[in-house]
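Please keep the sequence and the 3D view open as you read.

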Amino acid sequence: MTAIKPLAFVRTLAAVAAVSLLCGAATPAPEPGQPQYDADGRMIFPADYREWVFLSSGLNMSYTAAPAMAGADMFGNTFVPLAAYRAFLATGVWPDKTVIILENRGGTSQGSINKRGQFQTTDYMGAEAHVKDTTRFKGGWGFFGFADGQPAREIPHQAACYSCHEQHAAADTTFVQFYPTLLPVAKARGTLSKAYLAETADPAPAR
Ligand code: HEC
């Protein structure tokens with residue numbers, strides 16, 4: 001066995017540090033809140049999304065006449081990174097590399113001093129992501145479902161996620177009609193979708 005001389009060892013360390021600095025410069029780290037993917041192309045769950053801007057909550061929202069979850073209550077909480085939120089305020093559309101997280105959580109009326117109404121529980125029911133990455137996804141946006149915080153594959157484009165958001169969302173395929181601080185912005189910036197404008201247009205006056 002040959003012993004490594006201390007000086008040689010220090011030189012080796014310096015060389016390793018220089019190489020990693022160079023590599024770091026070649027691939028700049030994504031900005032906070034921007035999507036990150038693993039080597040298999042799966043999206044990494046943004047574990048810090050609770051530090052982002054809160055857009056709004058929905059309670060028991062369902063897109064069919066049937067309840068979303070019979071016998072149970074669920075809140076949906078939507079979060080977006082601060083930089084993307086600010087860009088939407090300025091332009092009425094989302095910048096490239098926006099991640100929007102919809103967190104699902106249990107709701108109940110039973111607890112502590114509560115007598116009426118519902119509050120959210122610690123029962124976490126997974127999260128979904130809507131991601132704008134124009135060079136990566138067909139149509140510019142991809143959807144992901146995260147059950148347990150593990151990396152997730154993009155949901156295939158045949159899924160109803162894409163068609164419903166494209167056909168009914170108020171701005172940039174996102175449901176801004178349900179985010180009260182953003183709807184007036186999209187209106188003022190003229191970025192409301194044709195579908196949403198048609199859906200909300202006043203009916204023709206009766207003759
Ligand atoms: C029938 C219509 C419909 C379908 C299908 C649908 N969504 Fe949505 N989605 C909505 C509505 C309405 C909202 C806004 C209300 C809310 O926050 O729950 C929304 C909001 C979202 C948001 C928050 C960001 C945004 O774009 O507004 C995400 C993330 C999301 N949906 C993911 C998904 C995923 C993933 C699927 C498919 C597995 C899916 N959605 C399928 C109607 C739909």
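Two residues are in contact here if their C-beta atoms, placed from the backbone, lie within 7 Å. With that in hand, pick out V176: leaving aside its neighbours within four places in sequence, V176 is in contact with A170, A171, L182, L183 and A186. Bear in mind as you look that the model is a predicted one.

V176 also has a part in the nonpolar interior. The largest nonpolar core has 27 residues, and V176 is listed with V80, I101 and A129 as having the most contacts inside that core. Two or more residues of this core come from each of β2, α2 (82–91), β3, β4 and β5. Across the protein, buried residues make up 21% of the 207 residues.

Now step back to the overall fold. The protein has 5 helices and 5 strands, and reading from the N terminus the elements follow the order α-β-β-α-β-β-β-α-α-α.

An open sheet is formed by 5 strands in the order β1-β2-β3-β4-β5, with antiparallel pairing. At the edges are β1 (53–59) and β5, each of which pairs on one side only. From one strand to the next, the twist averages 25°. As one example, V99 has V131 in β4 as its bridge partner.

Finally, let's turn to the ligand. Which residues lie closest to the ligand? They are Y63, C161, C164, T174 and F175, out of 21 residues that surround the ligand. Two or more residues of this shell are given by each of β2 (73–80), β3 (99–108), β4 (119–132), β5 (141–146) and α3 (160–168). The element that gives the most is α3, with 4 residues. How does the shell divide into nonpolar, polar and charged residues? There are 13 nonpolar, 7 polar and 1 charged.

Definitions and conventions:
Residues are numbered from 1 along each chain as its sequence is written. This is a predicted model: local features need pLDDT of at least 70, side-chain atom pairs count only at pLDDT 80 or more; totals for chains, interfaces and linings use all residues. A residue is near a molecule or strand if its C-beta atom, placed from the backbone, lies within 6 Å of it. Ala, Val, Leu, Ile, Met, Phe, Trp, Tyr, Cys and Pro count as nonpolar, Asp, Glu, Lys and Arg as charged, and the others, Gly among them, as polar. A residue is buried if 20 or more other C-beta atoms lie within 10 Å of its own, exposed if 12 or fewer, and partly exposed in between; C-beta atoms are placed from the backbone. Two strands pair if DSSP finds at least two bridges between them. Axes are lines fitted to C-alpha atoms, for helices over the stretch in contact, and angles run from 0 to 180 degrees between N-to-C directions. A nonpolar core is a set of buried Ala, Val, Leu, Ile, Met, Phe, Trp, Tyr and Cys residues joined through C-beta atoms within 7 Å.
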